[in-house]
Structure formats: C-alpha cells, structure tokens
Amino acid sequence: MDSPGYNCFVDRDKMDAAIQDLGPKELSCTELQELKQLARQGYWAQSHALRGKVYQRLIRDIPCRTVTPDASVYSDIVGKIVGKHSSSSLPLPEFVDNTQVPNYCLNARGEGAVRKILLCIANQFPDISFCPALPAVVALLLHYSIDEAECFEKACRILACNDPSKKLIDQSFLAFESSCMTFGDLVNKYCQAAHKLMVAVSEDVLQVYSDWQRWLFGELPLNYFARVFDVFLVEGYKVLYRVALAILKFFHKVRAGQPFESDNVKQDIRMFVKDIAKTVSPEKLLEKAFAIRLFSRKEIQLLQMANEKALKQKGITVKQKRQFVHLAVHAENFRSEIVSVKEMRDIWSWVPERFALCQPLLLFSSLQHGYSLSRFYFHCEGHEPTLLLIKTTQKEVRRTQGSLGPGL
C-alpha cells in the first residue's frame, strides 16, 4: 500500500490483517461535537491515511507549553543520546517502570525506534518521573508518522499539554497512583457487581485496579487500542476510565460464576483483555463505555484531587523501585581528587537511572582550572545535567545536582 502510515517501521503483513485501508480519505468537519461522534463511530478507523491526517490535526491543536520540543530538536539530540548503541539494546527510561514495549505490528526497526524516541523524550522532559503508558503511545504514533522525528514531536505535544481542563497522560507516580484509586472509586459506583467479584477473589482489590492503565496501554490489541486512542485525542482522559470500566463489566459478564484460569485475578484480566476479540468487538466496547450514565469530567477531577491529597498526607509521592543499577563509573576512566571510585559509585546510585547509565565526565576542577566562577560556567556551559562535588576545609564532601552539564 502507498499509505504514508505503512512505512519502514511496520510489518506490512501483520498490519494488513489488523487494519485494512478501506474507509474514507477526507475529513471536513471542525465542530467538536461532530468530531466526538465521528471518533466514537470509527469514521476514520478503516482508513490508515485518514487516521494519520486526523492525528496530525488533533495533536497539532493541543495547547502546549511555550517551548515544546519539535522534530528538529530530535534530529539534533538523537545521535548524542543513542551514541553507538544498537537500537535493540537501548535501555528504556526509568520512568516507564520496566513496561514492555507493545509490538503493535512494528518490525525490529520500529521497536528500536520506540526506544530511541523514549530516551530522547526523557532527555527533554526531566520532570517526568513515572509514565508507564508512554511506550504504547509512541508505538502507536509511529504508525502515523513519516519518521522518528515526527513521532517524537507528536508525543512531546501530548506530554506538554498545558490546558488544566484537559488532562492527557499521567507523568508522576502521585498522579498515576491517585488515578488507580479514582478508578477503584468509579468501579465501586458504576460497576458494583464487578467490584463485589474483585473483592471476593482478590486479597488486595486496589492491586487489581492498579492494573487498569495496563489493560489499555499494552494489553489491548492494536485495532482496539487505536479506536480508544481516536476518541481519547478528541475527548481526553475520561475516555480511558470509561473504556477500562467497560472492560471490567465485560470481564464480569463472561467470568462470573466460572472458575478463574489462574490464582491471580490480575493475570486473568490481562489474558481476557489480550483475547478480547473472542468476546466483544471494538464497537461494542466503546458502546458499553459511553453507555455509563451520570459520568462527568468534574466528578473525575474531584476524585483525583481528593485521592492526591490523601496520598500526600501519607507521604506517598514517589515509587521506591530501583534496587540495582548497572552504573557507568569505571575505575580506569574515572579520576577525581575529591572522591574515590567506590564513593562515586555510591553517589551515582542516587542519580536518576537514565543519567546514571552515562559515564561521568570531568568538566571542571579547581586544581586544574582555578577558582574563577566565570571560568566554571564557561567549562560547564552546554552540558546538562551536572553534578557538583565540593570538599570543605573540614574534609566534608557535599554534592549538588544541577542543569549545567553531565560532568563533575
């Protein structure tokens, strides 16, 4: 096919089976209400080319921060960040929380491109601390981008949305954890029968509900996830809650009264979502999602705020998850008059993992360069982030992390 979506990142044989390019080629409407109806009805779902055009338009119209990384930024930084690593061996950023990159009919080059884009996003968005949904978003957007740089720009616009009334993707552990609690609240209110089943078969029902984003961003087959993403780009975050509630409703309908396939209900739901085509079509899934009554954006916002407040009061704002890091501090390459290699490895273990994978580079030393502040800035300019080590006259070593450079 000549559609711009079928490019070098896609396994065409698998893609032809997943989405056939049979639908309309143009979209003329501009009114939000009409767009909502068309998205829910799947107007552009059968046209790969049209879906690409619609995504381009919807993402372009997202209100973003004044300075948002674009395709040219990607072209400038990708070589420096990836270096000589092969795409398949690139580590995932720490903020994806060891999430598997969904295949979504991508070939080996496409899977490598997802990793490159994620690393470049980590470089440009150091404030993102927890975002396990992002690999699925990037993998899908690659289908509707002419190259890696365009995909990077689209993902950045989604992440940089600054409209307080239009939440898109959780980017911190606090936001993610409060969304899981909010989902539990919504299940208890709108899916009472399913909630009773979850309580009966699980030791910790919140652990079951903490998986709700994984159902959507990773477990759903490509053609289902693309349909959800169509509506998500038009209507925002509330769509995700609706679809996840619909999934739970269908799971309860199919499995109520039946023995579970494993002793882990989380695994059972994941398997159900992976094989959802055996039970329900994408159209029926969305129909069920939007049939839930009295479900408003304001209700979600109030629940989210209350749950965030509760988590903050308990001191739960970050996930303590790193146990071991392959630190890039090598004795043969490291030199410092302030700390030993062992001490530096200890210090390096406190640095975010996406930076700790890099070999520290000495940019400035008072023994070599003197004590001029202007000279210090001259040597560190253009490098980021930096780690500044200071040894006091009492032989104490202090550290300060900054944004000047990746050295010491």
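Which residues does Gln-304 touch, not counting residues up to four places away in sequence? The views below come from a predicted model, where local features need pLDDT of at least 70, side-chain atom pairs count only at pLDDT 80 or more, and totals for chains, interfaces and linings use all residues. Residues are numbered from 1 along each chain as its sequence is written, and side-chain values use heavy atoms, with hydrogens and water left out.

**View 1. Gln-304 sits in helix α16 (residues 297–313).** Helices (H or I, at least four residues) are DSSP runs, numbered from the N terminus. Gln-304 touches Lys-167, Ala-175, Ser-178, Ser-179, Thr-182 and Tyr-241. Contact means heavy atoms within 4.5 Å. Gln-304 is buried, with a relative accessible area of 7%. Buried means under 20% relative accessible area, exposed over 50%, partly exposed in between (1.4 Å probe, protein chains only).

**View 2. Helix α9 (residues 192–201) has buried residues.** They are Ala-194, His-195, Leu-197 and Met-198. Seen down the axis of α9, these residues fall within an arc of 160 degrees, so they line one face. The arc is that of the directions from the helix axis to the C-beta atoms. The face turned away from the buried side carries exposed Lys-196 and Ala-200. The buried residues of α9 pack against α8 (173–190), α10 (205–209), α13 (238–255) and α14 (265–274).

Conventions
Helix = DSSP H or I, 4+ residues; strand = E, 2+ residues; numbered from the N terminus.
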